[in-house]
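The structure is shown first.

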There are 2 protein chains.
Amino acid sequence: MAQTDTKTPRERYRAQVRAEIKQHAWEQIATTGASALSLNAISKQMGMSGPALYRYYASRDELITDLIRDAYRSVADTLRSASAAGADLAELAHTLRRWALEDPQRYLLIYGTPVPGYHAPDDITSISFETMAILLDASATLPSDGPATPFDTHLAEHRDWAGDHPASPAVLHRGLSFWTRMHGVLSLELAGHFTGMGFDPALLFTAELDALLAH
Amino acid sequence: MAQTDTKTPRERYRAQVRAEIKQHAWEQIATTGASALSLNAISKQMGMSGPALYRYYASRDELITDLIRDAYRSVADTLRSASAAGADLAELAHTLRRWALEDPQRYLLIYGTPVPGYHAPDDITSISFETMAILLDASATLPSDGPATPFDTHLAEHRDWAGDHPASPAVLHRGLSFWTRMHGVLSLELAGHFTGMGFDPALLFTAELDALLAH
DNA sequence: TGCTTTCGTTAGAAGTTATAACTAACGGAC
DNA sequence: GTCCGTTAGTTATAACTTCTAACGAAAGCA
């Protein structure tokens, strides 16, 4: 989307077509899910015949990788802007939930069942780390009472995943708990496991959030 | 697997072939995931040509539905036998984790991203309820201290999903928290989101479990 | 022994991803 | 302005997939 005014007109056109392909791919994914994404269907929607699409994406996996990258970037941008606006951990949680409900398949694309042979490229893990850093920043502002758990001491020696983030083991622990608990509720809700059970998933989400913040 | 000695020899043979198909399907799913399951590949492995398999399963979806049913039954049986052996909620959690790690794709098949057009038949929801009942039984034996949360009062009026299980709102709440938190850690672990982060997912799992039990 | 049901086959339709080979058009250099 | 290389899009094709249709053969049953 950003800066299509780079270099040659050929590259501008190429970027535009790639963006259009991704747009159709997102629409298709939103309804049928990522596993049913069809390059053929996209090319037909765009009015060009099958193999033309392979000038823009070498394979179906490469397109999906691009979509996954965009999804990671989207959640990172959303949380970052919320954090920049002064959101605390609780508000970040609701921001995350809103982002997930906005396009469930987009959430499931990055946090759901992985595609069999797929392996994430390096730049995705770096974007993923940025999201984690935002959560750790928000976790650090909260008071961390209570004694250190065995997992805290384990984290003190296994904190390579946090990079050089200056977070105490307790904060790292809270960040991981935040991630897994929010994902636990969200993923089950998005997968439809709560439908027909009668209760409101939003209340379960906030209940889990409150329990986490109250420690 | 059970009671192949029913009625006519034709039905015995039919049940045997269906079991063999499922066995090959599980092997295939364990390596490639459910979305890449190929009826053609199964029939070739069994030494018979493609469409022969349609005598036993009307469609790919019907085979997957059968696999999902078996997975639900498997987790229900595993937890029930553990519960019958006197396991408390903590031991049930580790039993669930062991069952999930035993065949990650089997766990993801029922708790992961759902197949696009798939809708679970009624008998599956009843088996799923049995699993929930076991968790609620184990949750009821624990002391539930602390004041009632807003979600507890909500559950008091939205407890149809628990059937006629005699559990207090607090116990219902704990059952749901148990489910979502264990799933949160397990699904992220099985999806490979912890690989390369350095820490031990088992310790995070027990840390979450301890936090839940300590309330 | 014959009848009927069912099993497994081949053939084929309608999809899919992906490659190969060709044409046409576009953009930059002279 | 013309020429020429790059690139876009085409059709044809291969190798898959699920699934249907029609046929032959085998097995069970009376």
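## Contact between chains A and B

In this predicted model, 38 residues of chain A are in contact with 38 residues of chain B. On the chain A side, α7 (150-157), α8 (169-190) and α9 (201-214) each supply at least two residues. The most comes from α8(A), with ten residues.

By class, the side of chain A that touches chain B is made up of 17 nonpolar, 16 polar and five charged residues.

## Overall form of chain A

Chain A contains nine helices and zero strands, and its pattern along the sequence reads α-α-α-α-α-α-α-α-α. Its C-alpha atoms fill a box of roughly 65 × 45 × 35 Å along the principal axes.

Of the 215 residues in chain A, 34% count as buried. When contacts in chain A between residues at least 6 apart in sequence are considered, 65% join residues at least 24 apart.

## Domains of chain A

Chain A divides into domain 1 (1-58) and domain 2 (65-213). Seven residues from domain 1 of chain A and six residues from domain 2 of chain A take part in the contact between them. On the domain 1 side, the residues that touch domain 2 of chain A are five nonpolar, one polar and one charged.

The C-alpha centres of domain 1 of chain A and domain 2 of chain A are 30 Å apart.

## The last helix of chain A

The helix α9(A) has 14 residues, which at 1.5 Å a residue should span 20 Å; the end C-alpha atoms are 20 Å apart, so the two values agree. Just after α9(A), A:His215 takes a positive phi of about 50 degrees.

Which residues of α9(A) are buried? They are A:Pro201, A:Leu204, A:Phe205, A:Ala207, A:Glu208, A:Leu209, A:Ala211 and A:Leu212. The cover over these buried residues includes elements of both chains: α4 (89-102) and α8 of chain A, together with α7 (150-157) and α8 (169-190) of chain B. As noted above, α9 (201-214) of chain A also supplies at least two residues of the side that touches chain B.

## Surface near DNA strand C

DNA strand C is surrounded by 21 residues, of which A:Asn40, A:Pro51, A:Arg60, B:Met48 and B:Ala52 are the closest. The elements that each supply at least two residues of this surface are α1, α2 (39-45) and α3 (60-84) of chain A, together with α1 of chain B. The most comes from α2(A), with three residues.

The surface near DNA strand C divides by class into eight nonpolar, seven polar and six charged residues.

## Surface near DNA strand D

Around DNA strand D there are 22 residues, and those that come nearest are A:Met48, A:Ala52, B:Asn40, B:Pro51 and B:Arg60. Here α1 (9-32) of chain A and α1 (9-32), α2 (39-45) and α3 (60-84) of chain B each supply at least two residues. The classes near DNA strand D are nine nonpolar, seven polar and six charged residues.

Read side by side, the two lists draw on both chains.

Conventions
Residues numbered from 1 in each chain as written. Chains lettered and ligands numbered in written order. Predicted model: local features only at pLDDT ≥ 70, side-chain atom pairs only at ≥ 80, totals over all residues. Near = placed C-beta within 6 Å. Helix = DSSP H or I, 4+ residues; strand = E, 2+ residues; numbered from the N terminus. Nonpolar A, V, L, I, M, F, W, Y, C, P; charged D, E, K, R; others polar. Domains from an automatic or database assignment. Contact = placed C-beta atoms within 7 Å. Expected span 1.5 Å × (residues − 1). Buried ≥ 20, exposed ≤ 12 C-beta atoms within 10 Å, placed from the backbone.
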